[in-house]
Amino acid sequence: MAWKFRKFCVLLVERVAVLVIGGGGREHALCHTLKRSPSCDAVFCAPGNAGISTSGDATCIEDLDISNSSAVIAFCRKWGIGMVVVGPEAPLVAGLANDLVKDGIPTFGPSSEAAALEGSKDFMKRLCDKYAIPTAKYQTFTDPLDAKSYIKDQGAPIVVKADGLAAGKGVIVAMTLDEAYDAVDSMLVKNVFGSAGCRVIVEEYLEGEEASFFALVDGENAIPLESAQDHKRVGDGDVGPNTGGMGAYSPAPVLTKDLQDIVMETIIFPTVRGMAAEGCKFVGVLYAGLMIEKKSGLPKLIEYNVRFGDPECQVLMVRLESDLAQVLLAACKGQLAGVSLEWSPGSAMVVVMASEGYPGSYKKGTVIKNLEEAEQVAPTVKVFHAGTALDADGNFIATGGRVLGVTAKGADLLEARDRAYQGVKQINWPAGFYRRDIGWRALPSETTTTTA
Ligand SMILES: Nc1ncnc2c1ncn2[C@@H]1O[C@H](COP(=O)(O)OP(=O)(O)OP(=O)(O)O)[C@@H](O)[C@H]1O
Ligand SMILES: *[C@@H]1O[C@H](CO)[C@@H](O)[C@H](O)[C@H]1NC(C)=O
């Protein structure tokens, strides 16, 4: 009898326990959305953070060593985990998804071979050549003299990139020949990026507006996510050093429906088919960094990331109305064909709060108050935690550079922005800062100076 009843439930929806790997704002947003998935039974997060566990969005497993695949597999067996969702790129590049899949555990995230789309710019560029994916014209070099003679032929402006992962610092957009020569010397002669810079890509400078594009991929099929755009620079007006992202909004008007179709046809599908043909099927999120070229109006691929962007993930997750666990499980099983996603109408915005000093050095352990008040100040406000812990008195303290993502939805971007900033203003954290102009490129110009 009990068996029959269970079988009946299973027919309605297959319910799974999910383990999310990571502990930032992106993972908090994923846990929060999985938690409200009808087909999700329980959510675990390793290592997670204080905000994820306190909000009840997941059970955090701080002491699970995510760099040890055997330990992760043992945890999955013990707790009956039906799917692992890997947030950050490092465990993917290290091969966590390979090991989990080999052991029969459905895993959302690419193999280490497929993660080379992000891990090696040379691999990405060669795939573009072979499958006619639009990207900047380029050549790869290991010899500094050859690189410089190519640069001289091409002229400035020109772009010099370290082949491997260099924490966002391995790209020099050189406006003069000398800047480009210096970049070559620092990578190929002085080895400032170590092995990541022992091969360089020299590529054509593209002029236009940048945009991000996200697609879910199951190895053979891909479906687009809603558009979202982040702000990478630390200062208002998009100035100052690069960061992991100081805020984001969705939708992003720069990506019109027509452009989205063009990106799927000319960039995403050829990549997915190409990867399958090369024997390294891609499963997970493809995050394409694009330049909408001024001279042609067409998108060209600048770079791939093999996971959700953070903070873009936070605005996408609050807008997603589909059952996330079911969709990600379909991707793991190669069953995305025919799946379509539902999104809340209107807009969402996230304003990132960071420790004073970030992206340079900053203090750790500063106390943050009024987080609950922030979520009550306006409808739909949700605070995602990226780098927090609890101190001995039960206060939240900041433990990272980017610390909180204050997210809100609204009927339009203006309403989403007003709610997000109302939330931000409630938070009492003297050692933190935030940008006051998130979304400015997408808002009517007369409204951009009035925030917060
Ligand atoms: N061909 C190009 N023409 C013009 N600008 C470029 C070009 N390639 C890169 N850039 C600029 O450099 C930035 C960083 O380049 P890219 O995204 O390839 O490097 P990355 O180190 O992987 O970046 P991140 O980790 O910050 O996303 C881009 O966002 C873009 O602004
Ligand atoms: C990895 O995890 C397994 C299983 O928990 C454990 O036996 C092993 O010692 C761990 N290895 C390392 C290097 O920590």
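Ala71 is found in helix α4 (residues 69–79) of this predicted model; helices (H or I, at least four residues) and strands (E, at least two) are DSSP runs, numbered from the N terminus. With 14 C-beta neighbours inside 10 Å, Ala71 counts as partly exposed; a residue is buried if 20 or more other C-beta atoms lie within 10 Å of its own, exposed if 12 or fewer, and partly exposed in between, with C-beta atoms placed from the backbone. Neighbours within four places in sequence aside, Ala71 is in contact with Leu64 and Asp65, contact being defined by C-beta atoms, placed from the backbone, that lie within 7 Å. The C-alpha atoms of Ala71 and Met264 are separated by 38 Å, and these residues are 193 residues apart along the chain.

Residues are numbered from 1 along each chain as its sequence is written, while chains are lettered from A and ligands numbered from 1 in the order in which they are written. Because the model is predicted, local features need pLDDT of at least 70 and side-chain atom pairs count only at pLDDT 80 or more, whereas totals for chains, interfaces and linings use all residues.

Ala71 is also one of the residues surrounding ligand 2, together with Asp65, Asn68, Ser70 and Ala74; a residue is near a molecule or strand if its C-beta atom, placed from the backbone, lies within 6 Å of it. The shell around ligand 2 comprises two nonpolar, two polar and one charged residues. In this classification Ala, Val, Leu, Ile, Met, Phe, Trp, Tyr, Cys and Pro count as nonpolar, Asp, Glu, Lys and Arg as charged, and the others, Gly among them, as polar.

The largest nonpolar core holds 120 residues, of which Val18, Met349, Val351 and Met353 touch the most other members. Such a core is a set of buried Ala, Val, Leu, Ile, Met, Phe, Trp, Tyr and Cys residues joined through C-beta atoms within 7 Å. Another core, of 18 residues, lies apart from it and includes Phe141, Ile151, Val159 and Val200.

The axes of helix α2 (residues 25–35) and helix α12 (residues 312–319) come within 8 Å and cross at roughly 10°. Axes are lines fitted to C-alpha atoms, for helices over the stretch in contact, and angles run from 0 to 180 degrees between N-to-C directions. Helix α2 is therefore roughly parallel to α12, a description applied to angles under 35 degrees. Gly25, Arg26, Ala29, Leu30, His32 and Thr33 of α2 make the contact with Cys313, Gln314 and Met317 of α12. By class, this contact has four nonpolar, four polar and one charged residues.

Asp218 lies in strand β10 (residues 208–218) and is buried, with 24 other C-beta atoms within 10 Å. Asp218 and Lys333 are 115 residues apart in sequence and 7.0 Å apart in space, C-alpha to C-alpha. Apart from neighbours within four places in sequence, the contacts of Asp218 are Val283, Ala330, Ala331, Gly334, Gln335 and Leu336.

Most residues other than glycine have a negative phi, and most peptide bonds are trans. The bond from Ala46 to Pro47 is cis, with omega near 0°, and Pro47 is placed in strand β2 (residues 40–47). A cis bond also joins Ala156 to Pro157, with omega near -5°. Asn191 has a positive phi of about 55° and counts as exposed, with 12 C-beta neighbours inside 10 Å.

Terms used: Angles under 35 degrees count as roughly parallel, over 145 as roughly antiparallel, 65 to 115 as roughly perpendicular and the rest as oblique. Two residues are in contact if their C-beta atoms, placed from the backbone, lie within 7 Å.
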